[in-house]
Every structure is written in C-alpha cells, then in structure tokens.
Amino acid sequence: QTLEQLMEMRLQFATMLSDIGLAGPPSHTSSHSSSHTFSHWLDDAKQPWNVYASNPAVIKAVLCAALSPNVASMDEGSSPNGVPRWHAGPKADADEVALHPSCVTHGLPTLRFPHPFVVFLEKVKTSRVYLRDVTPVSPMTLLLFGGSMRVVHEEGVVLVAGWVRVRAAAETAVVVKEVRQALDRLLARRI
C-alpha cells in the first residue's frame with residue numbers, strides 16, 4: 001500500500017511538472033494511458049530529467065530546494081566524537097532537536113558528518129523533538145538552494161533563511177549571491 005501511494009505521488013508530481021512546462025508527457029500516450037506506461041516513461045534514462053538521477057549532489061540540491069526552510073544546523077560546540085547537537089531555527093527561538101532513531105544518520109558522531117547542515121521533512125515531538133527524513137547538505141548547496149540569503153560582510157558569514165550561519169569570505173559570498181540570483185531568474189523564466 002505504501003509503495004502504491006509513493007507511485008501515485010510520483011505520478012502527481014510528474015503531472016505538475018508537465019503542467020508548468022518543465023516536463024512534457026510522452027508523445028505516444030494520452031491522459032488515459034496506464035500508470036505503468038507513464039511510470040516507464042518517467043524512469044527512461046534518456047529523458048532530460050534523469051540525466052543526473054544517480055548524482056547524489058544533484059539529488060541533495062533538489063531536496064534542499066524542496067525542503068527549505070526545513071534546515072537544521074549543527075551546534076558549533078558539538079563534541080567531535082560525540083553525537084552532534086542540532087538546532088532547527090534561530091537559537092533564541094529553537095530548542096535543541098535530535099535526529100529521529102529511524103534516520104540512517106541517527107547516533108553518528110559529529111566527525112561522520114561532512115557538513116554541519118541537514119534538511120528534513122518533518123519535526124515531531126515525542127519524548128523530545130526529533131527531525132525525521134534528514135539529508136546532509138553542503139554549505140554551497142544551502143547557499144544556492146536553501147532559502148533567502150543575506151551577506152553579513154563584517155562577520156564573514158551569509159545568513160540563509162534568516163538564521164543559518166554559513167561562513168564565507170565577502171568576495172565568495174557576493175559571487176554566490178549573483179549565481180543564486182541568476183538561478184532564480186532562470187527558474188522564474190522557465191516556470
């Protein structure tokens with residue numbers, strides 16, 4: 001049943017992409033075609049949307065764009081060999097959160113995270129506040145796809161989504177901001 005729901009969601013997403021012109025339906029099918037035929041077309045490696053389907057960096061960038069502003073930042077004081085502490089909002093407003101025990105990354109020491117940021121699907125509260133369905137993302141991915149950004153030159157940081165602090169030299173931050181604006185304009189034209 002869960003797999004059927006996933007398949008239905010996938011077909012709905014493909015339909016939405018087609019409706020806004022980012023993907024066209026296969027020319028040999030009609031709106032009454034079977035979901036199997038449509039699914040086969042979606043999985044076709046020759047289709048332009050599948051060119052980078054096996055590239056983890058691209059998948060993480062898409063997830064970052066889709067899940068933003070659901071971003072968590074590792075506490076800078078986390079012990080290298082201990083389980084990191086996470087915050088999912090401005091520290092003044094956010095309680096400490098933990099990665100849900102069902103996450104693959106749950107219990108990993110700080111050193112095992114290549115970057116101090118994750119995006120997440122949902123935040124749930126049971127015995128404590130947990131993040132579920134997390135994906136680690138790089139600072140560059142966060143800068144390019146993670147929500148609004150503001151360069152704070154005097155501190156050498158970029159604020160993403162108004163609170164996530166990403167260290168960056170002023171020159172780098174300005175270039176990234178220009179690339180980000182170009183990406184936003186390109187997407188606005190496509191959609």
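Visitor: How much space lies in the second largest pocket?

Guide: In this predicted model, about 440 Å³ of space lies in the second largest pocket. Its lining is made up of 20 residues, and those that lie nearest the centre are Ser 73, Met 74, Glu 76, Arg 165 and Arg 167.

Visitor: Which elements give two or more residues to that lining?

Guide: The elements that do so are β1 (71–74) and β8 (164–167), and β8 provides the largest share, with 4 residues. By residue class, the lining of the second largest pocket divides into 11 nonpolar, 4 polar and 5 charged residues.

Visitor: What is the volume of the largest pocket, and which residues lie nearest its centre?

Guide: The largest pocket has a volume of about 1900 Å³, and among the 37 residues that line it, Phe 13, Leu 17, Leu 22, Trp 49 and Val 62 lie nearest the centre. At least two lining residues come from each of the helices α1 (2–19), α2 (35–43), α3 (56–67), α4 (139–145) and α5 (170–190), while the lining as a whole divides into 30 nonpolar, 3 polar and 4 charged residues.

Visitor: Turning to the strands, in which sense do β2 and β3 pair, parallel or antiparallel?

Guide: In a regular strand the side chains alternate between the two faces of the sheet. Here β2 (residues 86–87) and β3 (residues 96–99) pair in the antiparallel sense over 2 bridges, with Trp 86 having Val 97 of β3 as its bridge partner. By contrast, β3 and β5 (residues 129–137) pair in the parallel sense, also over 2 bridges, and Leu 99 stands opposite Leu 131 in β5.

Conventions. Residues numbered from 1 in each chain as written. Predicted model: local features only at pLDDT ≥ 70, side-chain atom pairs only at ≥ 80, totals over all residues. Heavy atoms only, no water. 1 Å grid on protein atoms, 1.4 Å probe; cavity = no way out; pocket = protein on both sides within 12 Å on 5 of 7 lines; lining within 4 Å. Points joined across faces, edges and corners; volume = space filled by probe spheres on them. Nonpolar A, V, L, I, M, F, W, Y, C, P; charged D, E, K, R; others polar. Pairing = 2+ DSSP bridges.
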